[in-house]
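Hello,

Here is the structure I promised to pass on. Please have a look, and then read my notes below.

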Amino acid sequence: MDRTDALSRLQSAGQYALELEAVNRHFGALVALADINLAVKAGERRAVLGSNGAGKTTLFNAVTGDFLVTTGRIRFYGEDVTTLPAHERIRRGLRRTYQISLLFETLSVRDNLFIACRGISPRRGSLRRSGPSDPDVEMAEILAQAVHLEDTLDDIVGTLSYGQQRQLEIGMSLAGAPRFILFDEPAAGLSPSERKDLIEILDALPSHIGYVIIEHDMDVALRVAVSVSMMHNGRIIKEGTPSEIENDPEIQELYLGSRHG
C-alpha cells in the first residue's frame, strides 16, 4: 500500500488528528496568529509554508503548548487540549522537533535515543539500563535504523555531521509511539545528499503517523507533503495540493518569487 492509499484508508473514518479553531495568539499589541483554522486528518502529511515572520513557528508553539493561545480552540484526536501543558500533549502522542537541535552532544547516539525512550516510559524516573534486553535499549537501536544512524550508535553526538544530528532529532521524536509530529525546518542547513536522505526517512515513516512540516526548502516540502497551507502575516491564506500551491499565481508572486520568474 503506497502513501496515498494509506492516507485514504486512514481518512475514511473522518477522524482529525489536529484541529485549530479560530486560534489567535497576541504578544501585547503584536498579533502573531490571526484567526487560524486548520484541520489535519489522521495520517495526513502537511506542509506549512510562508516567509520569515509569517507565524509558522508560533503556530507550532501554540499546538505544542509552549505558548497558550490568546483565544480559540485546539483539539488533538478530538480532545480539547487548548489549556493542557506541553508534557500532557506529549503523553497523548504529540511530538515536535525544533529549528535548533536539542541534543546531548557529549553523549552517544545510543544514549540520546535511550534517554528519549526512557523519558516517556513508566520507568522514566530512572535512567539506569538493565542490559541489552532492556526494551528502551532495544527501541533505541530500532529508532537508529529508522533514521539511518545504525552505524553511528556509539559515536559521540558532537562528532556527527549537522545532517546526522538532524536525523537523530527525528529519531528521538519517534520515541514512545507518537501519533503526530511537528517538524520545524528539518532540512535547514543540509547538503543536497542529506536532504535526499531526509526525504527517504520522512517517506518511510509508518502511515499512521501524521505530521506537519515547516520548511523553507520547497523541493523537500512539496516532495513529502500531500497537502499544503500557506501562511502570511499570521494568517493561513491558501490551502491545496503541492501542485496547486506551486502553480498558484498569487503564491508565486508572494512567496516563490524569482524561483518561478
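This is a predicted model: local features need pLDDT of at least 70, side-chain atom pairs count only at pLDDT 80 or more; totals for chains, interfaces and linings use all residues.

Residues are numbered from 1 along each chain as its sequence is written, and side-chain values use heavy atoms, with hydrogens and water left out.

The protein chain has 10 helices and 10 strands (DSSP runs numbered from the N terminus: H or I of at least four residues for helices, E of at least two for strands). Of its 261 residues, 49% are buried (under 20% relative accessible area, with a 1.4 Å probe and protein chains only).

Now the helix pair. The axes of α4 (residues 109–119) and α6 (residues 162–173) come within 9 Å and cross at roughly 30° (axes are lines fitted to C-alpha atoms over the stretch in contact, and angles run from 0 to 180 degrees between N-to-C directions). The two helices are therefore roughly parallel to each other (angles under 35 degrees). Val-109, Asn-112, Leu-113 and Ala-116 of α4 make the contact with Leu-168, Gly-171 and Met-172 of α6 (heavy atoms within 4.5 Å).

As for the sheet, 4 strands form an open, antiparallel one in the order β2-β1-β4-β5 (strands pair if DSSP finds at least two bridges between them). β2 (30–41) and β5 (79–80) stand at the edges with a single partner strand each, so one side of each has no neighbour in the sheet. Strand β4 (residues 71–76) pairs with β5 over 2 bridges, and Phe-76 has Glu-79 of β5 as its bridge partner.

Best wishes

Notes
Angles under 35 degrees count as roughly parallel, over 145 as roughly antiparallel, 65 to 115 as roughly perpendicular and the rest as oblique. Buried means under 20% relative accessible area, exposed over 50%, partly exposed in between (1.4 Å probe, protein chains only).
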